[in-house]
Amino acid sequence: MALLCASTSVIFSSSSSERPSFASLKRTIPSNQSSFLGFFPVVALSKPSSARTTTLSFSKRDFRVCCQDLSLVPENQRWMFEESEADGPDIWNNTWYPKAKDHINTEKTWYIVDAADKILGRLASTIAVHIRGKNLPTYTPSVDMGAFVIVVNAEKVAVSGKKRTQKLYRRHSGRPGGMKVETFNQLQQRIPERIIEHAVRGMLPKGRLGRALFNHLKVYKGADHPHEAQKPIELPIRDKRVQKQR
Amino acid sequence: MNKKEILKLAKGFRGRAKNCIRIARERVEKALQYSYRDRRNKKRDMRSLWIQRINAGTRQHGVNYGNFMHGLMKENIQLNRKVLSEISMREPYSFKALVDISRNAFPGNKNVVLPTRKADISINV
């Protein structure tokens, strides 16, 4: 009863698509190759004959596997390594830490969300989670692994209750008597982007990394944004109460 | 410890703490106390990181960490959190299988995923 069901765990090495996917059943090393990438056999699901079987439908998911260069040492270089290192770095007993190529800014996902009639705090919470990267299994607190988020229609964001007239935004100039207080309405008339920025900044970590993360949030007033080249995708919001009830 | 050893340990410190022995001695003592404490803290921090990574991985499949671990405990799967976090990063399909096992461990669960049969999987060589 205790064992991991072997029939369910079909182990894939979901390597990135640019590598040639030749299948080899054993991890043997041809001697004339300088670097070898071990691959598990590519498994194809045949058509399910009965209605009971399920298909592994991973097409919509974004399974980014962190760098899997299973580089075995070729035969003629084995003398350089100790016995324990000859099979490549130990990935199962050491916790993975991202290298520079795992968080290149140009390869991060861009998300877009329309803020019209969404509750401010719930929206900001989801945005902060995605910017910080806490939805990814490769999350690391000291490294920026998150995505970029574009918010459009920032002036139409909604709040519940009487917050429109009662929520106060305060700032201080540093001089005595220099406290400036504004209501939500007044700030929305003046600079609507600042409302969402203020909300998300409060939910990101405070510190050098937090300030760098904040720059990954792009808020715009209307429905247009200059980031079409990044091909942003729709931000998945799992909160059921984010939409303002009319 | 003599001065030479202390200044050797003080490499990389800020300001006069790396040069002047009187300041370096205090800072090095503090640094050694911190390293003693943090050798114990490191074990806690690592476990917390594994749990956060597992949480993120399971939430991608609609299950949160607490329910996932409860299901694994019920099925007596004794994989530790370190290995589970590595599986969630490197072997996503295996991890999905684990999440399904954990979900199926509760009778009366509506989102039961049935395992695929070996007869329906063919291997292309």
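Student: How much of chain A counts as buried?

Tutor: Of the 246 residues of chain A, 34% are buried. Keep in mind that this is a predicted model.

Student: What is the make-up of chain A in helices and strands?

Tutor: Chain A contains 5 helices and 9 strands. Their order along the sequence is β-β-β-β-α-β-α-β-β-α-α-α-β-β. As for contacts in chain A with a separation of 6 or more, 68% are between residues 24 or more positions apart.

Student: How do I read a nonpolar core, and which residues touch the most other members of the largest one?

Tutor: The general idea is that nonpolar side chains tend to be buried together in soluble globular proteins. Here the largest nonpolar core has 29 residues, and those touching the most other members are A:Leu120, A:Ile127, A:Val151, A:Ile196 and A:Leu217. Among the chain A elements that give two or more residues to this core are β4 (110-114), α1 (120-132), β5 (148-152) and β8 (217-219). The largest share is that of α1(A), with 6 residues.

Student: What does A:Leu217 touch?

Tutor: Leaving out residues up to four places away in sequence, A:Leu217 touches A:Ile127, A:Ile131, A:Val149, A:Val151, A:Glu197 and A:Val200. There is also a second, separate core of 13 residues, which includes B:Ile54, B:Tyr65, B:Ile77 and B:Val99.

Student: Turning to chain B, is helix α4(B) largely enclosed or open?

Tutor: Count its buried residues. In α4(B) 9 of the 10 residues are buried, so this helix is largely enclosed by the rest of the structure. Charged residues are listed too: the buried ones include B:Arg81, B:Lys82, B:Glu86 and B:Arg90. The buried residues of α4(B) pack against α2 (21-59), α3 (65-74) and α5 of chain B.

Student: How do I describe the way α4(B) and α5(B) cross?

Tutor: Take the distance between the axes, then the angle. The axes of α4 (residues 81-90) and α5 (residues 92-104) of chain B come within 6 Å and cross at roughly 125 degrees. That angle makes α4(B) oblique to α5(B). The crossing is left-handed.

Student: Which residues meet there?

Tutor: From α4(B) come B:Leu84, B:Ile87, B:Ser88 and B:Arg90, and they meet B:Pro92, B:Ser94, B:Phe95 and B:Leu98 of α5(B). Sorted by class, this contact has 5 nonpolar, 2 polar and 1 charged residues.

Student: At what angle do α3(B) and α5(B) pack?

Tutor: The angle is about 75 degrees, with the axes 8 Å apart. Angles of 65 to 115 degrees count as roughly perpendicular, and α3(B) is therefore roughly perpendicular to α5(B). On the α3(B) side the contact uses B:Asn67, B:Phe68, B:Gly71 and B:Leu72, and on the α5(B) side B:Phe95, B:Leu98, B:Val99 and B:Ser102. The classes in this contact are 5 nonpolar, 3 polar and no charged residues.

Student: What should I look for in phi values, and what is phi of A:Asp117?

Tutor: Most residues other than glycine have a negative phi. A:Asp117 has a positive phi, near 60 degrees. A:Asp117 sits in the loop between β4 and α1 of chain A and is partly exposed, with a relative accessible area of 26%.

Student: Where is A:Lys231, and is A:Lys231 buried or exposed?

Tutor: A:Lys231 is in the loop between β8 and β9 (233-234) of chain A. With a relative accessible area of 66%, A:Lys231 is exposed. Phi of A:Lys231 is positive too, near 50 degrees.

Methods. Residues numbered from 1 in each chain as written. Chains lettered and ligands numbered in written order. Predicted model: local features only at pLDDT ≥ 70, side-chain atom pairs only at ≥ 80, totals over all residues. Heavy atoms only, no water. Core = buried A, V, L, I, M, F, W, Y, C linked by side-chain atoms within 4.5 Å. Buried < 20%, exposed > 50% of the residue type's maximum accessible area, 1.4 Å probe, protein only. Helix = DSSP H or I, 4+ residues; strand = E, 2+ residues; numbered from the N terminus. Contact = heavy atoms within 4.5 Å. Axes fitted to C-alpha atoms, helices over the stretch in contact; angles between N-to-C directions. Parallel < 35°, antiparallel > 145°, perpendicular 65-115°, else oblique. Left-handed = near helix turned anticlockwise from the far one by under 90°.
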